Amino acid sequence: MPIMENNPLSRNRGPAIRSLMLSQSAALFGSGLVFPFYLIFIKEIGAGFTEYGLAYGLFTISSSLLQPRLGAWSDRYGRKSLLLWSAWGMAVLFLFFPVVTGIWQVYVLQVLMGLFGAMQKTGEKALLADVTEGPVRGRQIGSYHGWIGLFSGLAVIAGGVLIDFFTLDLIFYIGSLWMFVSGFLLLRMEEKR
């Protein structure tokens with residue numbers, strides 16, 4: 001068999017999974033710039049570990065409460081739409097962080113980020129299931145997660161370097177840009193429903 005036939009990303013749905021992989025790699029690069037350094041941001045506005053825990057808890061709880069409804073929404077309106085809303089919604093929210101002055105504003109942003117994070121998680125997993133197939137599904141999913149994990153790790157490294165040379169605000173702006181790019185990359189993907 002030719003090598004390309006053995007490549008799990010070169011099958012019939014290869015273009016769809018590649019588009020999803022590029023889009024979500026960009027999204028994880030954008031969020032990977034921001035999330036690991038979030039505690040520094042919380043400290044800079046005068047909050048402590050308790051406020052950080054509450055902020056992160058609000059993100060997680062709001063996300064988990066919305067997952068079932070968003071799953072049904074993705075079945076009805078499509079997974080790609082969830083990912084587009086998530087990418088562009090998160091991009092806009094990242095732009096608000098540099099102007100935050102109080103912890104209550106962080107709490108509001110965290111609840112909204114929970115909404116967009118739930119959209120991303122549900123849309124990505126459902127769409128990944130849609131674009132992978134049969135006997136090579138595990139290989140396709142493994143390859144997909146390998147690539148997006150690589151971009152996430154590179155983002156953490158890049159974020160650390162950027163903070164050392166520039167400001168914390170800059171990573172929010174760059175993260176926002178990558179989230180917008182993620183949505184634009186997703187526009188190229190054809191969703192089969």
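Read along the sequence, the pattern is α-α-α-α-α-α-α-α. This is a predicted model: local features need pLDDT of at least 70, side-chain atom pairs count only at pLDDT 80 or more, and totals for chains, interfaces and linings use all residues. Residues are numbered from 1 along each chain as its sequence is written, and side-chain values use heavy atoms, without hydrogens and water.

Biologist: Why is Ser-31 called buried?
Modeller: Buried means under 20% relative accessible area, with a 1.4 Å probe and protein chains only. Ser-31 has 11%, so it qualifies.

Biologist: Which residues is Ser-31 in contact with, leaving aside its neighbours within four places in sequence?
Modeller: Pro-36, Phe-94 and Met-179. Contact means heavy atoms within 4.5 Å.

Biologist: How do you know that the span of H2 agrees with expectation?
Modeller: Helices are DSSP runs (H or I, at least four residues), numbered from the N terminus. H2 covers residues 14-34 and holds Ser-31. The expected span is 1.5 Å times one less than the number of residues. For the 21 residues of H2 that is 30 Å; the end C-alpha atoms are 30 Å apart, so the span agrees.

Biologist: Why is H2 called largely enclosed by the rest of the structure?
Modeller: Because 17 of its 21 residues are buried.

How values were computed
Helix = DSSP H or I, 4+ residues; strand = E, 2+ residues; numbered from the N terminus. Buried < 20%, exposed > 50% of the residue type's maximum accessible area, 1.4 Å probe, protein only.
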